[in-house]
There are 2 protein chains.
Amino acid sequence: MKVSELGEFGVIERLATLLAAHGHAAQNERLFAGIGDDAAVWLADGHALLATTDTMVAGVHFLPDKTAWADVGWKALAVNVSDIAAMGGRPELALVTLNLPAETDVESLDELYGGLADAAETMGVAIAGGDIVRADQFAISITVTGRGEFDNTGHPRLLRRSGAREGDVIAVTGALGGAAGGLLVLSGEAEETDTSRPLLARHLRPCPRVAAGLAAIEAGIRCGIDISDGLMADLGHVCVASRAGAVVWADKLPIDAAVSASFDDKQALSLAATGGEEYELLLTGPASAMGALAKQIDVPLRGIEYDPALSASYPVLARLEIQRMEALRRGAMPL
Amino acid sequence: MKVSELGEFGVIERLATLLAAHGHAAQNERLFAGIGDDAAVWLADGHALLATTDTMVAGVHFLPDKTAWADVGWKALAVNVSDIAAMGGRPELALVTLNLPAETDVESLDELYGGLADAAETMGVAIAGGDIVRADQFAISITVTGRGEFDNTGHPRLLRRSGAREGDVIAVTGALGGAAGGLLVLSGEAEETDTSRPLLARHLRPCPRVAAGLAAIEAGIRCGIDISDGLMADLGHVCVASRAGAVVWADKLPIDAAVSASFDDKQALSLAATGGEEYELLLTGPASAMGALAKQIDVPLRGIEYDPALSASYPVLARLEIQRMEALRRGAMPL
């Protein structure tokens, strides 16, 4: 069988199963979380070490002819920092691996590293080393480590995919669909106008929600994921990990204003619900904690099912309903 | 200018300079060591976090037609663990990124991960996650984190490239030339015989010297590097970082017995002095500390200049001579 038939998630599951069959890491009591969350979690002394890695391959993850090298550098770091944010951690260190074709211009690398350095400064990350290898195809692979705090009983306080509980409200930071809309503009599938142009930056220069993730931890939220595969797919990851179901109401989704202005309603909804690479945080938790969090962060936090008990600045747009899981399996999801 | 004209070290130096010009990381007091040693060093609470990354690209770093996938998996982890060993640290966590062509057989991945899991068990490392991406060319990129201990004044105890001091003796673990000889056998440039066959394992299944690195720290050694580029090149890295010179006597080099038996004297010496991917440790330190270390580890430790003050079990084969640096620059290195 070829990996193309199995797909990314199929390959990951197969390799995780194979490692488990080897009895691998099962006995390592310091490995708090391995394959299956946004970042691995290692129990260091008095805190959790978080580690994540993500790769961008030219022609696969970005369009080399249409993307400035500085934007590639920015985004390659941002997508990793977002994984640390999705755990409620603080990013610290980055290692950068470049797969370089021999004919790569050194000036392009200067631009790449300019964008990378800008991102590192903005996100508070130290670029501490890496590796340079020769390859046929350009790729940039970054590993970021971060730190999660322990509670006073010595357990890590983290946003886990498995942390959703029945009755939790679901909320997302910011607004959705912008990055996917920006990709359509960049690739020429949608027209570039004054209205749609701001979407390009949403695609090219994502801003990971580190502060929101840290504030979520302080507010008592314990479930989160970053929206990299798309809201519905990532909510699906949360549901599977938490053994929960979720209801998402289409008319309550927070859609990026420029997406609404640039696309018809159906397409805008589709972009917001399924568009990837948003790097907003999807959080679930008690309504009271979510309400408190919404007041503490400077990015909009919107739920996914309307709850009149909460203020207008915090319209909750969905509710996790663990008892509905069977119904959801039969295709009863409203969206 | 193309990167092929600049080379790997040229690219690294250029990018490090560019980051420094951005003022990057200079202000981060937790970053103890960044670009320029075997692993980055971050000051965590009460210990040092070590992090390193290394990539193997098919057709560049290994011969896909002649290398079993299990060996690729083993070596991809081993070369990273060796970098942690070269800092005197204990490896802990690994993240694995696979760049996979669509036509890769899933069965090959199973073998790859079998070798990886074997290496992880042997080396005490937990495989904690990673990334799977589509690419034209197979590559495996691993990041390993590890731990270094602090001394009782709160400073990390590490093997640094910059730690060599005038009068230090230089020693290497094991014997040299085997991995380079094995590559010649594997590629068909040297004949595969009963005598040369053991060299294949030296090339395909390196065993990082974690225990020796940890023991070196305990013995008071503070300078080390792993031999990945070749003894002379890696000793050169130490000399540059330490602003020191070194003398290596050809007739005292510890040459792998199977190399001596399989190649003529000149070629054997060349393999031992310049062959890469040995993953032995090169250490420098006071003769007394090195003598103590030699008695504590179960791998031979050999110096690089004979010193009659030391026992026959520890023939010192060289001496760092900082005052000779100018002479060495003029080409006066005895080897």
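Predicted model: local features only at pLDDT ≥ 70, side-chain atom pairs only at ≥ 80, totals over all residues.
Residues are numbered from 1 along each chain as its sequence is written, and chains are lettered from A and ligands numbered from 1 in the order in which they are written.

Chain A holds 11 helices and 12 strands, where helices (H or I, at least four residues) and strands (E, at least two) are DSSP runs numbered from the N terminus. Of its 335 residues, 55% count as buried; a residue is buried if 20 or more other C-beta atoms lie within 10 Å of its own, exposed if 12 or fewer, and partly exposed in between, with C-beta atoms placed from the backbone. Among contacts in chain A between residues at least 6 apart in sequence, 78% join residues at least 24 apart, a contact being a pair of residues whose C-beta atoms, placed from the backbone, lie within 7 Å.

Two helix pairs can be followed in chain A. The axes of helix H2 (residues 69–85) of chain A and helix H3 (residues 106–123) of chain A come within 6 Å and cross at roughly 40 degrees, and H2(A) is therefore oblique to H3(A). Axes here are lines fitted to C-alpha atoms, for helices over the stretch in contact, with angles running from 0 to 180 degrees between N-to-C directions; angles under 35 degrees count as roughly parallel, over 145 as roughly antiparallel, 65 to 115 as roughly perpendicular and the rest as oblique. The residues that make this contact include Trp69(A), Leu77(A) and Val81(A) of H2(A) and Leu112(A), Leu116(A) and Met123(A) of H3(A), and the contact residues divide into 14 nonpolar, four polar and three charged. In this division Ala, Val, Leu, Ile, Met, Phe, Trp, Tyr, Cys and Pro count as nonpolar, Asp, Glu, Lys and Arg as charged, and the others, Gly among them, as polar.

Helix H6 (residues 210–219) of chain A and helix H10 (residues 287–296) of chain A pack at an angle of about 140 degrees, with their axes 9 Å apart, which means that H6(A) is oblique to H10(A). Here Ala215(A), Ala216(A) and Ala219(A) of H6(A) meet Ala289(A), Ala292(A), Leu293(A) and Gln296(A) of H10(A), a contact with six nonpolar residues, one polar and no charged.

Leu77(A) also belongs to the largest nonpolar core, which has 210 residues and in which Leu77(A), Ala94(A), Leu116(A), Leu77(B), Ala94(B) and Leu116(B) have the most contacts; such a core is a set of buried Ala, Val, Leu, Ile, Met, Phe, Trp, Tyr and Cys residues joined through C-beta atoms within 7 Å. Leaving aside residues up to four places away in sequence, Leu77(A) touches residues including Ala94(A), Leu116(A) and Ile142(A).

Most residues other than glycine have a negative phi. Glu277(A), in the loop between helix H9 (265–274) and strand E10 (281–285) of chain A, has a positive phi of about 60 degrees, and Tyr279(A), in the loop between H9 and E10 of chain A, has a positive phi of about 60 degrees as well. Glu277(A) counts as buried because it has 23 C-beta neighbours inside 10 Å, and Tyr279(A) counts as buried because it has 24.

Between the chains, 65 residues of chain B are in contact with 65 residues of chain A. H1(B) gives the most to the side of chain B that touches chain A, with 10 residues, and the residues of that side divide into 34 nonpolar, 18 polar and 13 charged.

Definitions and conventions: Contact = placed C-beta atoms within 7 Å.
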